Amino acid sequence: MSTTTAVRRRIVGPLAIVAALTLGLTGCQVGTEPGTTDANVHEKVELPPISSLTPLADPTAYVGPTSVVVSGPEMEPLSDTPEPVLPATVVSKDRGGDKEVTVTDDSRIIALSQTGEIAEIIYTFGLGDNLVGRDVSTEFPGSEDLPLVTKGGHEIDAETIMSLNPTVIITDGSIGPLDVLLQLRDLGVPVVMVDRAVDPETSFNASKQIAAALGIPSVADQVNEQLATQIAAKEAEIEQLVPADEEKRPRVAFLYVRGTAGIYYLFGEGSGADSLINSVDALDVAQEVGLKGEKPMTDEALVALDPDVILVMTKGLESADGVEGLLKAQPSIAQTAAGRNKRIIDIDDTQMFSYTQRANVIDGLARALYAPESLAGIGGNK
């Protein structure tokens, strides 16, 4: 590595940068833009094989924004789901400590999570018809016909939930208020909280917890094995796009942006963004400074990080009036290499953390990073 590149890639004053990040994540929500009321099920998109693509010679020098194009749903729901064995007593991962919960009926399920992942898992298990309501981020064929049980983005509407007579509620606690969930439990509805999924490993774990609660524990292993195989194959496939020279591997920052208010968050280790960036062999700037979780960014910290690429969610970019609006509203972004090159990549909010579409999301991000010209004419290259 050259001296110049070594200096550029060594983040100056990492402790100072971390100190510039305030603690906590207030009001940061992953998922569809607040107020959205219609599910937006993604259609299958035909993409050329990766082997046919010509990757960029230097992905760090590319100029222009790109949208990630995900080829569509990766898995069909199981057609041979076994009959549930109920009652099932499982451990609910409550914030106040583990609590045993018994589920006696899974015929009317409500799944709640900011990413829509829990409903997606249940649909993949072959129990999509058992879901009687949806959160704002839920997307699977037919989900658009389900009643919306969240309001104002990601706030539980208790009255609507109770009107649907659910027999079980499954959540990862990312949608609240928590008190409402506990009140629903007090009213006699079994509420099972599972661990939050942020990467394949934790998704597989959450899948097992969900399957156990629904009385079909063996199904999780079947689905997880299939998904793990798909993810490993895709990660191996995209290696042909990645520059052999590590100096040319783009340094990526995932920013959570909403509107033009000057508030944005950097997602670090354990947020799920880190796992996705690592899956495509890019370099995560948050990991370079040891940032964990999601933290509000200061202008000074972002300029010091100086990413080559900034990854955002599509709804967030739209709320900032697109790339030009984002650069105007956030002058610190404009001062980074990514800002100067307008190297902003956006990815659909609900697809980014998708459980069953993980392999296709990895595929889409790799194309946007390493072969953006291949997306011309199919909605990715702008």
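Modeller: A salt bridge here is a side-chain nitrogen of Lys or Arg within 4 Å of a carboxyl oxygen of Asp or Glu. This is a predicted model, in which local features need pLDDT of at least 70 and side-chain atom pairs count only at pLDDT 80 or more, while totals for chains, interfaces and linings use all residues. Residues are numbered from 1 along each chain as its sequence is written, and side-chain values use heavy atoms, with hydrogens and water left out.

Biologist: How many salt bridges are there by this rule?

Modeller: One of them joins Arg 251 to Glu 288, with the closest N and O atoms 2.8 Å apart. Another joins Lys 342 to Glu 324, at 2.5 Å from N to O. The count comes to ten.

Biologist: Is Arg 251 buried or exposed?

Modeller: Buried means under 20% relative accessible area, exposed over 50% and partly exposed in between (1.4 Å probe, protein chains only). Arg 251 has a relative accessible area of 0%, so Arg 251 is buried.

Biologist: In which helix do Arg 367 and Asp 363 both lie?

Modeller: Their side chains meet in a salt bridge of 2.5 Å, N to O. Helices are DSSP runs (H or I, at least four residues), numbered from the N terminus. The two residues are four apart, about one turn of the helix, and both lie in α16.
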